[in-house]
Amino acid sequence: MNPEATAEPDERGRAGLRDVLRLLRGHRRWIALAVLLTLGASALSLAQPLLVKQVIEATASGGTVGYVLALLVVLFLAQALVQGLAQFVLARTGEGIVLGIRIGLIRHVLRLPMAMYDRHRIGDLISRTSTDSTTLRLLVAEGFTDAVTGAIGLVGIVALMIWLDWLMFLVVLGMVAITTVIVASVLHGIEVASLSTQRATGAMTADLERALAAIRTVRANRAEQRESERIADGARSAYEGSVRMAKLDAVVAPAIQLAVKGSFIVVLLIGGMRVADRQGSIADLAAFLLYMIYLVEPIGMVFQSFSTMEQGMGAYRRVMEVMDLPSEQEAVTAPAADASCPADRGRGRTRAPVLEFQDVWFGYTPRRSVLRGVSFEVPEHSHVALIGNSGVGKSTVFALTERFYDPDRGRILFDGHDIRALRRADHRARVGLVEQHAPVLYGTLRENLTYAVPDAGQDEVDRVVELAHLRDVIDRLPQGLDTDAGEHGMALSGGERQRIAIARALLTRPRLLLLDEPTAHLDAVNEVALRRSIRETAQECTLLVIAHRMSTIRAADLIVVLDAGRVVAAGTHEELLACSEQYQLLTRAQEAGDVVSG
C-alpha cells in the first residue's frame, strides 16, 4: 500500500452492493425500520395527488369537497412527520455505522504487526482513522440515506404515473434516460478524484505529524519555511483533487434539472394539447403534473446519492486498505524445534535461565540478516549487559524478546519455553521495557506510571517512585502525581522522563526488565542513584541492559558483546579484558572519552 500512489482504483474499489452491505452489517433492524417508515411516508405522499384529482372532479360535478380537503391536510401533516422520523432513523443508523468503522479501525491500527508501522507513515494511518472515516459519512450517512429514501419514493411515483398515463410516462422516462447517461459518465471520474484527494490529505497529515514530532529540530535548523512548503504541497494536491471532484459533481445538478424541468415542460405542453383536443381530462393532467413535482425530490436524491457515494468510495477504499492489513496474530503456534537448536539443550541445569537465545537469525528484510546465529543466556536475578557498536543488533534483540517480531531461524526461550508457544499478551505481561527515548504519554504523571496497571494502589505507586528516585521530582511539582506531563512529556527533563519510564515498567513486577541505556539522560548524581535502583531491582527481577557507559557495563554480572550480528564474547568485565579484543577496543574508546553508541 502506497499512500502517495495515484493509480486509478481497481475493480475491488468500485462502488457496489457488496461494499454497501458489508458496511450495513449489524444495523439491519434499524435499516428495516427506516425503510418501513419511508414506505409509509411515500404512501401518504402518493395519496395526495389522487385526492387533488378527486377534488377537481367533485368540483366539476358540483359535489362536496370539504372532507376531502380536510383529509388532504391530515395526509400532508402525517407524511411530513413520518418522513422526518424516517430521515432521523436513517441518519442515526448512518452515524452508527461510521462509529463502528472508526472504533474497528482504531482497534485494528493499534494491533498491526510492528513491521506495518515500519512500512507505513504514521501520519497517513492517523489520516485514514480520522479524515477518511469522516469522509466515509458521505457514503453511509448521506449517500445511502438518499439512495434508500429516493428509491422508495421513486418506485411509488413511477407506478402511479404509469397508471395515470403510460404514454406521458414514456416521455419522462426518455428525459431521465438522457440524464442517467450523463451522470454515469462522470461517476468514475468522481471516485478517482476522491481517492486522489484522500491520498493527498493523508500525505499532508503525515508531513505535518513529521514536522510537529520534531518541532524543536525544525526550529533549531530554521526549517520552518521548508516544512511549510512541503506540507503546503500536500494541501495543494488535495485542493486540486477537490476541485476536479467539484467540477465533475457540478455536472450532476444541471443534469437533474434537465431531467425534471425538461420533462415537466414537455409533459405540460403535450398534456395541455391533449386536454385541449379533449383526449384527456384536466384532473388527470393535474394529478400527473403533481407527481412530476413530487418526482423532483426522489430523482434528485437518487442521482445525487450516486455522486455522493462515489466521493465516499475513495475514503472507503483507503479505510479498507488498512482493515485488510494483517493484525498481530495472537494464536498460539508452538513451532517445531530447529535442527540447529536441539530441544535437550541445557539439560542438566537445576533451573532454566529466564531468557535464552538459541542460534537466532533475523532480518527486517529478507536479504539482510541483522542477527546471525545469536546465542546467549540471561540467568535468573542477574544483571546482564548487552554491548557493541552501533548497528550490531542490540535493539533488535530487545524487539525479538518483546515479540515485536519473530526470529527467522532459531529459538528464543523464556523460562525454558519457546516464546512463540505463548500468547503475545501473556508473554509481554512478564517483560518490562524501558526504551532509550523513554516515551511519556500526554496525561498526568500518575496516568503514565500506572499505564500498564491502571488499578494499581497507592502503595505500589509509592514503591516504584522510591525505586526510580522520583520523589524529589513529584514533591516539587504543583499537583504532584496529578501534574500534566505535557505533550510527549515535554514538561519534564530527559532524565525525569527516563525515570518515569523505569517506574512504569517496574510497577508491573516483570519477570524480566529490558533497559535500553537507562543512564543516557542522567547527570552524575542521578546516575549513581539509578545504579543503586538497578541493583535493588535485580533482587525483584532479571535485568537485560543495553549499556553504553562503562559505569553501567562494569555493574553487570555478565557482559555479552555483539559484533556484526553475532555474539563474539561473553563474561565478566575482568574476564573480557583478559580475552576479548573487541571488548578491549570498546573499553579504550570509553576511557578516551567516547561513549559506546547504540
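Predicted model: local features only at pLDDT ≥ 70, side-chain atom pairs only at ≥ 80, totals over all residues.
Local features need pLDDT of at least 70 and side-chain atom pairs count only at pLDDT 80 or more, while totals for chains, interfaces and linings use all residues. Residues are numbered from 1 along each chain as its sequence is written, and side-chain values use heavy atoms, leaving out hydrogens and water.

**View 1. Helices α2 and α3 pack together.** Helix α2 covers residues 28–61 and helix α3 residues 66–109; helices here are DSSP runs (H or I, at least four residues), numbered from the N terminus. They pack at an angle of about 155 degrees, with axes 8 Å apart. Therefore α2 is roughly antiparallel to α3 (angles over 145 degrees count as such). Their contact (heavy atoms within 4.5 Å) has 24 nonpolar, eight polar and one charged residues.

**View 2. Helices α13 and α15 pack together.** Here α13 (residues 458–467) and α15 (residues 494–507) pack at about 135 degrees, with axes 9 Å apart. That angle makes α13 oblique to α15. From α13 come E460, V461, R463, V464 and L467, and from α15 come A503, L506 and L507.

**View 3. Look into the second largest pocket.** A pocket is an open set of points on a 1 Å grid, where a 1.4 Å probe fits, with protein on both sides within 12 Å along at least five of seven lines; lining residues have an atom within 4 Å of a point. This one holds about 270 Å³ of space. Of its 15 lining residues, S45, Q79, Y294, E297 and P298 lie nearest its centre. Helix α9 gives the most to the lining, with five residues.

Definitions and conventions:
Axes fitted to C-alpha atoms, helices over the stretch in contact; angles between N-to-C directions. Helix = DSSP H or I, 4+ residues; strand = E, 2+ residues; numbered from the N terminus. Parallel < 35°, antiparallel > 145°, perpendicular 65-115°, else oblique. Nonpolar A, V, L, I, M, F, W, Y, C, P; charged D, E, K, R; others polar. Points joined across faces, edges and corners; volume = space filled by probe spheres on them.
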